[in-house]
Amino acid sequence: MSDMNDPANDKKLRILQGAPTPETAHGVGHHDHDEEEGDLTEREHRLDLADLREKLKEKSGKQYWRTLEELADDPHFEDLLHREFPRQASEWDEAVDRRDFLKLMGASLALAGMAGCGRPDVTKIVPYVKQPDGMTLGRPNFYATAMPFGADAVGVLVESHEGRPTKIEGNPDHPSSLGATSTLVQASILNLYDPDRSQTVQQYGEIRSWSAFLDAAQALATSSKATQGANFRILSGNITSPTLVAQIRKLLTQYPQAKWHQWEPAAGDGAREGAKLAFGRYVNTVYNVGKANVIVSLDADFLAGGPGHLAYARQFARRRKLDGPDSTMNRLYVVEPTPSVTGSSADHRLPMRASQVELFARALAAKLGIGSGVSISGEAAKWVEAIAKELQKDRGASLVIAGEYQPAAVHALAHAINASLGNVGNTLYYTEPGDGEGASVESLRELCAEMDAGKVDALLILGGNPVYDAPHDFDFMSKLKKVQTTIRLGSYFDETSAWCQWHVAESHYLESWGDARAFDGTASIVQPLIAPLYYTHSAHEVIAAFSDKPGTPAYDSVRTYWTEASTRLPESADTGWRKWLNDGVIEGTKAVPTTVELKLNAASLPAPAAAQGDQIEFIFRPDPNVYDGRFANNGWLQELPKPVSKLTWDNAALVSAKYAEQQQYAYKVKSRGGEHGQVRSPVVDVELNGSKVTAAVWTVPGQDNNTVVLPLGYGRSRAGYTGTNKGFNAYVVRTSNALWTATGGKVTGTGDSYSLASTQYHFNMEGRQILATATLDEYRKKPGFAHELGELPEKSNSLYKEFAYPGYAWGMAIDLTKCNGCNACVVACVAENNIPVVGKDQVMRGREMHWIRVDRYYTNTKSSTADNATGDPSEYQPALDNPQTFFQPVPCQQCENAPCEQVCPVGATVHSAEGLNDMVYNRCIGTRYCSNNCPYKVRRFNFLRFQDWDTPQLKLLRNPEVTVRSRGVMEKCTYCVQRINNVRIDAEKEERPIRDGEIVTACEAACPSEAIVFGNANDPNSKVAKLKAQQRNYTLLGELNARPRTTYLAAVRNPNPELEKA
Amino acid sequence: MAQIFHRSANLIARFSVLALVVLANLALAGVLLVARSPYITNQRLTRVQPVQFSHKHHVGDDGIDCRYCHTSVETSAYAGIPPTKTCMNCHSVLFNNVGYLEPVRDSYRSDHSIEWVKVHRLADYVYFNHSIHINKGIGCSSCHGPVNQMPLIFQASPLTMEWCLNCHRHPEQNVRPKEQVFNMDWKAPANQEEIGKELVAKYKIRTVNELTSCSTCHR
Amino acid sequence: MTEHHSYLHGVMGEFDTPEQLVAAAKKAREAGYKHVEAYTPFPIEGLAEEIGFHWTAVPLITLFGGVSGALTGFGLQYWCSAITYPLNIGGRPLNSWPAFIPVTFELTVLFSAIFAVVGMIALNKLPQPHHPVFNVERFAHASTDKFFLVIEARDPKFQLAESARFLQELNAKHVSEVKDEE
Amino acid sequence: MSATQPPGNSGHIRRLEPVLEPGHTYASVTDKIAAVVLTRPLGIGWLAGFTLTFTITMVLFISIAWLIIKGVGIWGINIPIGWGFAIVNFVWWIGIGHAGTLISAILFLLNQKWRTSINRFAEAMTLFAVACAGIFPLIHTGRPWMAYYMFPYPSTMGIWPQFRSPLIWDVFAVSTYGTVSLLFWFVGLLPDLATLRDRAKQRYQQVIYGMLSMGWRNSARHWHRYQSAYLLLAGLATPLVLSVHTVVSFDFAVAIVPGWHTTIFPPYFVAGAIYSGFAMVLTLAIPLRKFYGLEDFITMRHLDNMAKVMLATGLIVAYGYFVEFFMAFYSGNKFDVFLAEQRLHGPYSHFYYALILCNILTPQLLWIEKVRRNVAALFLMSLVINTGMWLERFVIVVISLTRDFVPSAWGRYSPTFWDYSTFIGTLGFFVMLVFLFVRGLPAIAIAEMRELVEHGSHSNKEHK
């Protein structure tokens, strides 16, 4: 920790301003002071055991291992390994625990050095030789960049401590962020420091130098020249980087015969094809969710997934901002097969199997006079009636959104409906699609066919992981074997790299130059915050390797592109560059709306597949945490409870409560951890499309009865230490003709059971004052409804006289009407506060460490006191077919009469003068009495040594402003006291009061819905005070008179009265 | 029955009982004293540095201001250890070939940092911020002692929590006019108490209650 | 046991029953002996009074211990919680005296108990592993089944032969002189 | 004149067997008891028993070592169940540690002659139980090496313990109780040590007992002060013994956890403590009197009386259980009501029913005189009751924590191997100490037995 506290520990630091060349940006963020940084730039030098012994001779104890670690990052060292220890070297590739391997090394080298463990007497200060300008030691700098993701890019501001990026915040100026971040964005910084990341260029698993690769690439280039690249293929995912696209296009002009294929396993092409169907050409659809009074989502999870979801979530939440009973709300209808974040926060939600949604869309369209009517029955019919009426009422201010995983027809119908309602131009508009976002299964099919036919000699795979995620009927691996030269650019040596001849380690977006377009076309420069930690390279450099200018640094490519492109922009690159970097967006790049005319003849649409009775329908969805599998090795995301199912570390075949009952699936809550911890769930074989996968079953209330969800992204065989062999691989049963919805499979119980780690099993509130809810009408009738379940006792009831808080009184208000349970706050908290990952076993024991948790309750279910229901999914009750779902983030409530403080024997948790419930880690002896006495159970205990003190990369990641807790101490949320203190110190220096909104907690900053507000409750004009003044404001378990500083604003939904009474 | 013990046993017995009690108490007192002794606090302990830098010479004799080297002391939590460049500003000209400055020149040439041995070392979980103290009129010498008289720098204060609290509980006893903050020779005047009180009010120094809250220093 | 340089401690008479001993002690006092000591295998009510020992300071010492314990207990807690480092603990008052009662009570008991025992031992001038009476062979029975009366030499009325005879007249069994070497 | 034998009510007298079988002289009691320590050779039984318990003690130390190395995570505890076996065992052992001082102090003040022959080893048992109990609060902390933070000493940090916390009260209560019990025990031992010194044949025995007895010489003056001190100690120990388990019960009663936050706890914890304490005394006394032939001293009368005490305290405990439920429903507090139902229907209900069986139903057999006079039955009963009392603590500590305020945070608890090994380890440790005690020190207060002979002779005269 002292290393972390001491800014001067980073030697040779450069902040990447203006245009440094990659060389100058070398070797940032070395924090180990007692070691020399070997200059590894010259290519020739080779290690042998003698040098190694030499290097390690005088080192001992920790230094010894550190040196070994450092050496391990030296390609020549790996080179050496392969010469000296071929067998273990293979282990190395499989990215088993690196430290184990190093220990093995140490042993085999028979080196002394176990001595001298324990804290050294002297610590060193290692100042700069030449301090970079523009930085102050100990004050973090923030740099704007963007995280490219799928067909979108999220603009972020990255906090950098002396050159170490430690935390990602949203960029308010960026359209895809508006200041918010998602779980994936927050967690992406952990990937940067992931020790399992691939670190060098390899050929057949042997370490090669970059120059060696360049030579090979050039050789290939020249040979391809002859055939005009006829046998040369590029495979990539969706690319939003204008520069990269331009580079590829340029390459393709040099090799006219060469082809570029694109494949995204978790991005549906329904939207593109739908547009084609509707308008005869590809266009992007951009929504103005904020302008819509009525929103109909046809299986679209637009609040938590897909391009622009952060912006949509914010716009949506702003339309649900309640200042008082007279405020208005928008209304959201969701039709979907399995509960999503969007569905869970809808005013009306209708479970419907995926294949039926098209039928529903047609019925709705017909009601609105588009195409011919189709028969739809039951609840759905009532819905069509009601929705149609509403849409008509709100012409021009309504919106129909089709889901990413729905077929083209649904999208086309949505376009048609929006057009007929005059929504185009109001609540949505169309833009020209970016080149390079054409990923589709057909593209991959074509490639596979050619590979099979032996037409491909050279295949360049940029990112992705086709061997793992291609439809299994393509059998990509065997096709790959037929290709002579295969080159893979990937950040991990994964399933695909294992079968490729060349593997080039890919740079993280935080350590390489690039650019990316947001969902609305706005482009940003991706600037690195740190020089590559390992010998990694970006796609720009790899493409350049095949061009006539091999070895062009990414920076040059990007800069050149924008120099040209800027002619069309208000500012030229030379003048604008700094501004672009500073703002994080390039002015004038936002795509202009394009006009389209509807060519769709709804009547001519092929008849949708009829409902197959109660035949089981399997749907594939990307996992909310690991997405298509690319985040599988990210511990933060693995341990993050999935928004609706609250599962961690695994995926499971999700089934409805009724289905589970029909199949008599028995869940056993184990005494280990129990309700939040270990649940033994039945294991089933899923046979589909001629192949089989074995999966654990998990019940998701509100799922369509005949639907089984198979989440993608798990069952990785070469993900890394964290992600390998977690969950089951749904790609195994996924075929190209049924990418999203499949039928004809069957589920058979195996009789076994499997332990799943769930952080919340019990979903009923047992009639306690925990999550107050009402409909808009009820709220208007009775604005104080939240206080019915019991209220704060009068302060005068207290025997004691109150402590006064004359200065600041920090408080938080969480608006449950806005919260959609997306979990961004949880990961943000983990990132900000150095919260350790404990692993599945510990989660199963009920020892997860998250300081803020998002509870999920089903309000209309039976409590377990009533008729001894269990109150958990192991038992069916009709309400579970379509329960009312609510989310509640629970951080430490910072009680003024804190029960935890009173029982601590050593005063390790006491109250600050500003009403914070301070937790003093270094005083804590770990009696856990405070946690027992905490009614909200928000305290977390280090039962074992959960922190990783060994891996150097993770030391770089840590936030130096927060103590790293070790074994045996209690920890908890402190309202990000480090942020409070830093802001306060600045204010004190200027002798002015702290402004409202000047302190932003990590969770507040991340929240897309602006549901969390922090501030000074003593200041009547502060946002938080105003919220607390609302009648909706209530206290969790107020009757206990703990007087929390964190209060909640009751959840209000806005259902359609017609559907209500129906 | 035979006498078991010699009569001297009486004295021995009583004395040893007494001794036991006394020793136990002495041991306890001893532990408490050692915990406050330089042996534990590293007070007044000079360290061997790569360059035997003399604050006495640079501050005392040459009268160089603290902030010339410790640039960020007014703005950041860390006072900042000067980069080699700062040394070279002068020593590229002065004493530019004396042997004992070779490490500096070498560092500058080879671009490898000089590794100083840390003298003032706070526990990892203490978050001390230089700038706020400087800005509220707490002088360097209040904690670092008469640096201008130290040929080799050493830790002048015990840096125990007790010691920190003394000042956080009675800021008026240590606060000085801001213009005196970098004055190494400043001595508290006779009427420090009253001046102190005025300054505390003037500089809007927070209440003792706030200054002694745990989260003021621990996070 | 070498006899040279030995001095006389007193004469000791042995009795079979408590009753005899009490009677003898009574007689001895009536006979005007001041320094008489009795040894019995178990406490005998009234015996101490018979040999002229009426008042013991043990209760007073204990009381003192109790009072000081109570003061220490409450004082310590009050000082720690309200004076030296007043901290807001869950909104409870700095001087939460009800919460301070248990510790105060415990320390009261602890101190008085220690004072009682230490006081008793000290007043009895223990530890004193060596004592002239131990030189008498039969004195071992003092911790089993015999009752002893000793007239000490320092008694002004003491004369070896005289006092020994006096004891025999009280039909003490073995009358022996209690010696000890310098 | 023993209080249990009012003259004139001679019919009553005949049915009561004496607390000491007739025919004993000062010498005989002394010989018989001292012999156990001084002359009796080490029996194979003793050796075997000691070896076994010593081995188990080693298991305890290994468990603790592993705990220090790895952390409390090796146990089954989690969030929300922050306290598990460790605290259960702590409360249980402390409870057991109550009988000794109670017998010595309260029965002494009540002038119950029958206490004489059992108080010595009851006190010893108390000390050993407290020793076992003391282990747990220490090792259950996350950082045991920091436990000294709990003591008020002038630290360089300038901070002090937080005296509002029941855990601090525990620290003081338990350490005080341990110290006072030790003093009480030692004072009682003083004359007996002297007796052993005088009867010892080997030199080393003479020296050791000589030192321990500090040169006690049975002087009348000494006896006088001795008695006054002993009386005072008894007077002090009486409120103390009641306070200790009251304070322990505060650990729970002061907290807000449903199932803990109950005003009935102090009285029924104390009753429960005495309950289990006497049970343990029986568990030890019955084999002891058998193997060392002390039936004359520990007569049926003692067993009978102890059985009656257990019956009485058992009923108080039963009342406590009832009141818990009554208050839950009477108060209508939804959390308490819910918890009460959970005890009956929840995942751990079987523990609760087992508890009722052991602590309330079975002991009712003690109404029957035949049972009270059947040594084997009493022995079994004592074991059952101690099991029950352990279950009671488990129910209180664990079940309450599994179902507290926020349903989303509910959890469950299951002990691990190390939980069990630590608990069993303390059992071995306890018995080992008892083994050492019976061989090293007089298990029965000799001097007081001589007194008893004295009184016995008187009362016998009267009856003739």
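Student: Helices here are DSSP runs of H or I with at least four residues, strands are runs of E with at least two, and both are numbered from the N terminus. With that in hand, where is A:L178 found?

Tutor: This is a predicted model, and in it A:L178 is found in the loop between β4 (164–170) and α7 of chain A.

Student: What is its phi like, positive or negative?

Tutor: For A:L178 phi is positive, about 55 degrees, although the residue is not a glycine. As background, most residues other than glycine have a negative phi, and most peptide bonds are trans.

Student: Speaking of peptide bonds, which one in chain C is cis?

Tutor: The bond from C:L126 to C:P127 is cis, with omega near -5 degrees. C:P127 sits in the loop between α4 (97–123) and β3 (147–152) of chain C.

Student: And in chain D, which residues does a cis bond join?

Tutor: There it joins D:I79 and D:P80, with omega about 10 degrees. Look for D:P80 in the loop between α3 and α4 (85–96) of chain D.

Student: Switching to interfaces. How many residues does the contact take from chain D and from chain A?

Tutor: Chain D gives 62 residues and chain A gives 61. The area buried between the two chains is about 4800 Å², and carbon and sulfur atoms give 56% of that.

Student: Why quote an area at all?

Tutor: Because the size of an interface is often given as the accessible area lost when the parts come together.

Student: OK, how many salt bridges are there across chain D and chain A?

Tutor: The rule finds 4 salt bridges across that interface. One of them pairs A:E1039 with D:K334, whose closest N and O atoms are 3.0 Å apart. There are also 36 residue pairs in polar contact between chain D and chain A, counting pairs with both residues at pLDDT 80 or more.

Student: Which elements give two or more residues to chain D's side of it?

Tutor: They are α3 (44–70), α7 (166–199), α9 (220–253) and α12 (334–345) of chain D. By class, the side of chain D that touches chain A has 39 nonpolar, 14 polar and 9 charged residues.

Student: What about chain C and chain B, how many residues are in contact?

Tutor: Here 21 residues of chain C are in contact with 15 residues of chain B. The buried area is about 1500 Å², with carbon and sulfur atoms giving 50%. C:Y85, C:P129 and C:H130 supply 41% of the area that chain C buries against chain B, more than any other three residues.

Student: Which side chains meet in a salt bridge there?

Tutor: The rule finds 1 salt bridge across chain C and chain B, formed by the side chains of B:R7 and C:D180 at 3.6 Å, N to O. It also finds 9 residue pairs in polar contact, both residues being at pLDDT 80 or more. The side of chain C that touches chain B has 10 nonpolar, 5 polar and 6 charged residues.

Student: How many salt bridges over all chains?

Tutor: The count comes to 88. Have a look at A:D881 with A:K658, at 3.6 Å from N to O. These two link distant parts of the chain, being 223 residues apart: A:D881 is in the loop between β31 (853–858) and β32 (885–890), and A:K658 is in helix α23 (residues 657–662) of chain A.

Student: Last topic, cavities. How much space lies in the largest cavity?

Tutor: About 1200 Å³. Its lining has 50 residues, and A:P148, A:G463, A:G464, A:E506 and A:R630 lie nearest its centre. Elements giving two or more residues to the lining include β2 (141–149), α7 (183–192) and α19 (539–546) of chain A.

Student: How does that lining divide by class?

Tutor: Into 19 nonpolar, 21 polar and 10 charged residues.

Methods: Residues numbered from 1 in each chain as written. Chains lettered and ligands numbered in written order. Predicted model: local features only at pLDDT ≥ 70, side-chain atom pairs only at ≥ 80, totals over all residues. Heavy atoms only, no water. Contact = heavy atoms within 4.5 Å. Buried area = accessible area lost by both parts, 1.4 Å probe. Polar contact = N/O pair within 3.5 Å; in protein donor to acceptor, adjacent residues only side chain to side chain. Nonpolar A, V, L, I, M, F, W, Y, C, P; charged D, E, K, R; others polar. 1 Å grid on protein atoms, 1.4 Å probe; cavity = no way out; pocket = protein on both sides within 12 Å on 5 of 7 lines; lining within 4 Å. Points joined across faces, edges and corners; volume = space filled by probe spheres on them.
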